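Please look through the sequence and the three-dimensional structure shown below before reading on. The paragraphs after it are meant to be read with both in view.

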Amino acid sequence: MRQHHRTPRLLGTLLLVAAAGLSVGFGTAVPAAADRTAVPLGRVIPAPAAVEPGGSPYRITRGTHIRVDDARAAHEVGEYLADVLRPSTGYPLPVTTHGDGGIRLRLGDGPFGEEGYRLDSGARGVTITARKPAGLFHGVQTLRQLLPAAVERRTVQPGPWTVAGGTIKDTPRYAYRGAMLDVSRHFFGVAQVKRYIDQLALYKINTLHLHLSDDQGWRIAVDSWPRLATHGGAGEVGGGPGGFYTKAQYQEIVRYAASRHLEVVPELDMPGHTNAALSSYAELNCDGVAPPPYTGTEVGFSSLCVSKEVTYDFVDDVIRELAAITPGRYLHIGGDEAHSTSHEDYVTFMDRVQPVVAKYGKTVIGWHQLTGATPVKGALAQYWGLDSTGAAEKAQVARAAQNGTGLILSPADRVYLDMKYTADTPLGLAWAGYVEVRRSYDWDPGSYLPGAPASAVRGVEAPLWSETLSTSAQLEQMAFPRLPGAAELGWSPAATHDWDTYKVRLAAQGPRWEALAIDYYRSPQVPWPAR
């Protein structure tokens, strides 16, 4: 499905030239000697929309302060930046609303949209301007990458801390840029989820999709159905202890994500992938018999009883309680691999459940099998098929997109982060094939699904399923280095999309991950710097 065009490759090459600090017609080149310690403006992931290198660099010193607008949200971004910079620089970096020079975070009018920003760097300081706090925050992530990797360490480093001169103008291609974490197959605690949120934020991802229920575990407390958590959450793949989030813990995750400008999308997978719920309450089963807990990895064997009214009482209750503690716009109802549900029952179920989501003020997201029923107006379908998925299934999704259903693209043989890199990868699965770094990056969301209008694509999401993953280090080994590529597909203009330039920028991230103690796979496709 990969498209070959000369223009994106040419523009990508120009971006690489800009990254080297040379003139490409955007502005005056900085003499190499003047900017030797600075990261070139173009060596950023995701690739910015426009890069104009030129002028003198700015050096952060003990006298640098961070100036912010009076707005509380701007002050919070300033404190976040200070928290990043203080440990490694050893500088006080006071956050203030007055003064000149230094680092300025400014809210103002401009062509920034909800999340865009402009970064100007010169001898007197660095200014990040955005219309909304999210834009300031994303600009701060760019500023982090323009500083040496050692800035991420939590102990004082020697520096110097120089930011190359010039201007970056940046807005995202797609409004939805997500990553999914499966906490059902293996449970991950609040601290582990927060760590992953911080990693997502570095690459301007703005959505965390939490897969909260599956056959192996139900991970969110529901007051009206308490055994969902206490019984359904008491296990995981392989027979471990499992776990669940109290409502307070879930809200802590939601608040933390919001502080990093990520929206949490909770998923309760239905009508299949429901053994944990069926095991918790016998009445949800058509035969009234609760199955035992499940700790394996097979799929497609479980289903809620579509013909029982108690099923819809259950659905109403769990959606009501989850929606009440989720400030975001979306609620994901799953809908994939419902092999034990007849097509007629599946359609009946989705026709009854989608209005419940709207009743509690949320917009429906479902896996792309939802398009086999009738998606409600405004619903989003998350496509997880393969390049090799049959034409009829792709056409079904495309027809829904033509009729107004928005698409989130998560092709499993491209951006499922739990797929093995190669046959030798010790973690992960391979049912969708082996997915090396180049394959995960080298596709265009706008033209990926035949027949689907480019305007229907709302964004990209990189799911991380946890059948074989139980620690943060294992999550990171599978997410990095593929996650930044998915983030770039969601953020950067199509014209910047070029593997040969991307792999150079990706290689430069290695020392930053090491400074952040992020484990990662050193793909032989990437020219990593020597350790």
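Residues are numbered from 1 along each chain as its sequence is written, and side-chain values use heavy atoms, with hydrogens and water left out. The term pLDDT denotes the predictor's confidence in each residue, on a scale from 0 to 100. The protein chain averages a pLDDT of 93, and 93% of the residues score at least 70. Over residues 1–35, however, pLDDT stays under 50, although the model has 59 contacts beyond four places in sequence for this stretch; a contact means heavy atoms within 4.5 Å. Where pLDDT is low, the predicted coordinates should not be read in detail.

Helices (H or I, at least four residues) and strands (E, at least two) are DSSP runs, numbered from the N terminus. Two strands are said to pair if DSSP finds at least two bridges between them. Val 68 stands opposite Leu 105 of strand 5.

Is Leu 136 buried or exposed? Its relative accessibility is 0%, and Leu 136 therefore counts as buried; the term buried means under 20% relative accessible area, exposed means over 50%, and partly exposed lies in between (1.4 Å probe, protein chains only). Leu 136 and Tyr 117 are 19 residues apart in sequence, and their C-alpha atoms are 6.4 Å apart in space.

Another group of strands can be followed from strand 10 (residues 176–182), which pairs with strand 11 in the parallel sense over five bridges. Ala 179 stands opposite Leu 208 in strand 11, and the bridge partner of Asp 182 is His 211. The chain passes from strand 10 through helix 4 (residues 190–202) to strand 11, and this β-α-β crossover is right-handed. A crossover is given that name if, with the strands pointing away from the viewer, the path from the first strand over the helix to the second runs clockwise.

Strand 10 is also joined by six bridges to strand 17 (residues 457–464), and these two run parallel. Here Leu 181 has Leu 464 as its bridge partner. Strand 11, in turn, pairs with strand 12 (residues 263–267) in the parallel sense over five bridges, with Val 265 as the bridge partner of His 209.

In a regular strand the side chains alternate between the two faces of the sheet. Seven of the seven residues of strand 10 are buried, so this strand is largely enclosed by the rest of the structure. Both of its faces are covered, with Tyr 176, Gly 178, Met 180 and Asp 182 on one side and Arg 177, Ala 179 and Leu 181 on the other. Strand 11 (residues 207–211) is likewise largely enclosed, because five of its five residues are buried. Thr 207, His 209 and His 211 lie on one side of strand 11, and Leu 208 and Leu 210 on the other.

In helix 7, Ser 280 counts as buried because its relative accessibility is 4%. The side chain of Ser 280 reaches the backbone oxygen of Ala 276 at 2.7 Å.

The structure holds one disulfide, a pair of cysteine sulfur atoms within 2.5 Å. Cys 286 and Cys 305 form this disulfide, with their sulfur atoms 2.0 Å apart. Both cysteines lie in the loop between helix 7 (275–280) and helix 8 (309–324), so the pair ties together parts that are 19 residues apart in sequence. The torsion about the S-S bond is about 100 degrees, and the disulfide is therefore right-handed. Cys 286 counts as exposed because its relative accessibility is 56%, whereas Cys 305, at 1%, counts as buried.

Conventions
Predicted model: local features only at pLDDT ≥ 70, side-chain atom pairs only at ≥ 80, totals over all residues. Polar contact = N/O pair within 3.5 Å; in protein donor to acceptor, adjacent residues only side chain to side chain.
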